[in-house]
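Visitor: I would like a close look at one part of this model. Please set it in its surroundings as you go.

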Amino acid sequence: MVGTHYESINRDYIKRLYKEIKRRADMENRINSAWLKKLFEKSNDIVVRPIKINQNNITVHLFCVDGLINQALFDEAVFRSLKFDPYLAQCKTERETMDYLLEGGAYHVFTIEEADYQLLVKYVLSGMVALIFDSEEKAIVYDIRMFEKRSIQEPSEENVMKGSKESFIEVLRMNTALIRRRIRSEYLVIELLTAGRLSKTDIALVYLSNIANTNTVNKIRSIINSIDIDNVSTPAFIEEYLIENRHSIFPQIMYTQRPDRVSANLTDGRVALLVDGIPFAYILPCQLPMLMQSPDDYANHFLIGSSLRIIRYMSMILTLFLPAFYIAATTYQSQMLPVQLALSTQAAKQNVPFSSASEVLGLLISFEIIIEAGLRLPKAVGTAMSILGGLVVGQSAVTANLVSPAVVVIVALAGIAGFIMPNQDLSSGIRLIRFIMAVLAAVVGFFGLTAGVILLITHLCSLDNYNTAYISPFVDVEKRNIKDTIFRFPVKYFKKRPKDVTGNKQFKQ
Amino acid sequence: MRKSLIIIIIMLFFQLYGCSHDMNRREIDEINLIHVMGIDYKEGEYVLTAIYSSSQGADPEKGSEGDEEVSEGRGSTPFEAFQNLKLKNKKSVSIANTGYFLIGEDAAKKNIEKCIDFLSRDETVKMESLIFVTQGSEASYFISEGIEKGQIVHEDLEAVEQKQQELVTRNDNTLVNILNEIENITTGVIIPYLKAEENSFLLGGYAVFDNLSLVDYLDLDTSAGINIIKNIIRAYPIYLDDDVALSLSYSKSRIKSELDNEQVKVVIHVDFETMVKEVNVNEDIFRNEALNNITEMQNDYIINIMKKATNYSTSSGRDILQIARLVQNQHTKKWSEIEGEWDNMISDIQYEFDVKSKVTKSFILGVGSGGFE
């Protein structure tokens, strides 16, 4: 009997608890000013404020974030119409008021009705203004965002002599506009996606629907939708999800500051990603030759462009292998050096107490330290430190017989050559591989260097990026895309798009 | 991923395997890099004389090479002498960077193959190293005399090499080339010889070897004849009766062989061009008549030079023009029949010359002949 009593009490309690949870859940998913007030009561910048709009006792609630809205536009487009519009005074219900505002009563072009609580919160927290209609459990959202932002400036990393001087900024909508201005095609799609549970960062997926490979677009979209992190605070957060081979040191996403570069890649069938708050665009799928290209190549005569590219590829080989070659040649196989060079190297190394490997590795590490220190210091101090580090210390080290002059030249040459890469991620990756090559050469000479080269080539060949070989078109059976790799052929020869990027839509014009 | 892992493991295995064996790890400053090596035969043993740079006088900042030092090794064979040389040196010795090998006259007379066999078996030696014979003396004498006179021997030899490149389009006295010629028993070996001048070395003609032993020295004209026939001549002066001097600027030769009843007939076609370099007559040599006359005269001049080479070959019975290789290539089937008799056939080879030439680029600054008007 007692047991039954307890059972009935428990059942009632569970029912009540369930009802309460359901009520709260319903409350949480309904658009209601009281709930919003309670939710944001501790947030000083969130405004939830009643506004009586006419003589019919209709009160709406203003819901916005102070500091993210355009005050002047708010007064003009929202507040003024609510207070002084004579037609609004004739509306008797909230529904009528909403309909009037949506049908043109609102003095603003970007006005929508929103019934989804989650979306409403997202809109308002991104800077829009909402008018809450409690009885309708709906809101009208005005896009009158305005926050402090940079103006469009020259690209700091990809500046060119001839060509556009515009670069992306931190505001997503501005960036999409820069692309749209360059591609006035009805096929240009700018899909808006969101990532970050708390940050709810907007990400624009940009592609040309008639050219881009649908599988690639779908794959990227599903990856972004599956990103489950709290906050997209740095580019690396998105990059790591989009990269297919996370263990590789080679950059598999190309980033650019230049809208013209994005538009060129879009017309090649690639997909761009713009993240709100990041002044770069990501381009996928990415291949190694893309990272060796610079906008300058296309801004100049094709012969000049080609020669610049050849220099870049030569520099890549130089920076990767020169220190390792020096170590191997001076420690193991001196016969690799021409007679005169061997003799002068031998003379330069006299009285230096360290081995060639120690000299080169030591200087390479010193070089990295100088670079890292230069980045952290203010510009004026950085220049002074470069002189101190590069010239004074370098010269003193030679005079003190700590390093031979030949090693200083080798490391300096390799270091400078490394910075010729147009892509900084690639440059950093190559700098790291340079160390590995130098260590391999120090251990077993040219044998190690050869092993390193084989491993490097194997690794590069194994990289696959959204069904595209990373070192394509060097490994492609069809050689047509080679026209825009080491050499930059005249534009008239660029008649087809990369097959593995676009699928069957290959013909350009 | 698994593939990469397997590859890494395999590479690591190879690397460890390599590390466990002698990888010949030695810093470049711990080695005496021999620039020039002399090979002699005296008093019944082989003597190797090596020149290398010492650290004394070297300026690390300027990269200057320091003073030249000489070291000597002796042994019953060249290799034994090299081992002796290694033992005598404080640092380890390497012939990996040796650019020139000088072979003394006696060593060359003894056996050229014996002199360079140990070099061919050294994995570090440069196969493009040049070999010269020192005429009338030992290589060690050349080296010691040179150093005594304040010469930098390897720089002087570089100058000789440059002069050689001015005369011929390719150096046939590289180690690899001479090894090939030695291997081919039917071909006569010829190596350029050096003469010691007051303060430098002078490039002579070719030293001729028979059965791998030095037998003769050819003069410059005969050597030039060989170069023309072998199609390696780059430049050569032509003096026509003290009146006109020309310089051969382009030459192309083609050799055809005919084999009839064990009688070899060789037809040498030569097309060449010359430039007028000196005119010591008052008449205008650029008239058609005069030019035709000069052309004929220069043809005869070149034919005479080539005849010197062919006459030497037929009179001595030494195949210095490498006709055996030509016949072998052009008459593969018949060659096997006559191969054994080739040495006797050399003296009976009939040579025919077909020479065409023209005079180009006269560089006349004024009107007329450019003579002494």
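Into which domains is chain A divided? Then take me closely through the pair formed by helix α15 and helix α16 of chain A.

Guide: Bear in mind that this is a predicted model. Chain A has three entries in its domain assignment: domain 1 (31-142), domain 2 (172-286) and domain 3 (298-462). Between the C-alpha centres of domain 1 of chain A and domain 3 of chain A there are 63 Å.

Now the helix pair. Helix α15 of chain A covers residues 356-376, and helix α16 of chain A covers residues 379-399. Their axes come within 9 Å. They cross at roughly 165°. Angles over 145 degrees count as roughly antiparallel, so α15(A) and α16(A) are roughly antiparallel to each other. Their crossing is right-handed.

Next, the residues that meet. From α15(A) come A:I370, A:A373 and A:G374. From α16(A) come A:G382, A:M385, A:S386, A:G389 and A:G390. By class, this contact has three nonpolar and five polar residues. Charged residues are absent from it.

Chain B gives some context. Its secondary structure comes to twelve helices and 15 strands. It has 373 residues, of which 37% count as buried. Take the contacts in chain B with a separation of 6 or more: 69% of them join residues 24 or more positions apart.

The assignment for chain B gives domain 1 (27-217) and domain 2 (235-368). The C-alpha centres of these two domains of chain B lie 32 Å apart. Domain 1 of chain B puts nine residues into the contact, and domain 2 of chain B puts in eight. On the domain 1 side, α6 (153-167) and β10 (201-210) of chain B each supply at least two residues. That side of domain 1 of chain B has three nonpolar, four polar and two charged residues.

B:H269 sits in strand β14 of chain B, residues 263-279. It has 14 C-beta neighbours inside 10 Å, so B:H269 counts as partly exposed. Leaving out residues up to four places away in sequence, B:H269 touches B:S253, B:R254 and B:D354. B:E352 is 83 residues from B:H269 along the chain, yet their C-alpha atoms are separated by 8.5 Å.

Back to your helices: α15(A) and α16(A) run roughly antiparallel, with a right-handed crossing.

Definitions and conventions. Residues are numbered from 1 along each chain as its sequence is written. Chains are lettered from A and ligands numbered from 1 in the order in which they are written. This is a predicted model: local features need pLDDT of at least 70, side-chain atom pairs count only at pLDDT 80 or more; totals for chains, interfaces and linings use all residues. Domain bounds come from an automatic or database domain assignment. Helices (H or I, at least four residues) and strands (E, at least two) are DSSP runs, numbered from the N terminus. A residue is buried if 20 or more other C-beta atoms lie within 10 Å of its own, exposed if 12 or fewer, and partly exposed in between; C-beta atoms are placed from the backbone. Two residues are in contact if their C-beta atoms, placed from the backbone, lie within 7 Å. Ala, Val, Leu, Ile, Met, Phe, Trp, Tyr, Cys and Pro count as nonpolar, Asp, Glu, Lys and Arg as charged, and the others, Gly among them, as polar. Axes are lines fitted to C-alpha atoms, for helices over the stretch in contact, and angles run from 0 to 180 degrees between N-to-C directions. Angles under 35 degrees count as roughly parallel, over 145 as roughly antiparallel, 65 to 115 as roughly perpendicular and the rest as oblique. A crossing is left-handed if the near helix is turned anticlockwise from the far one by less than a right angle, and right-handed if clockwise.
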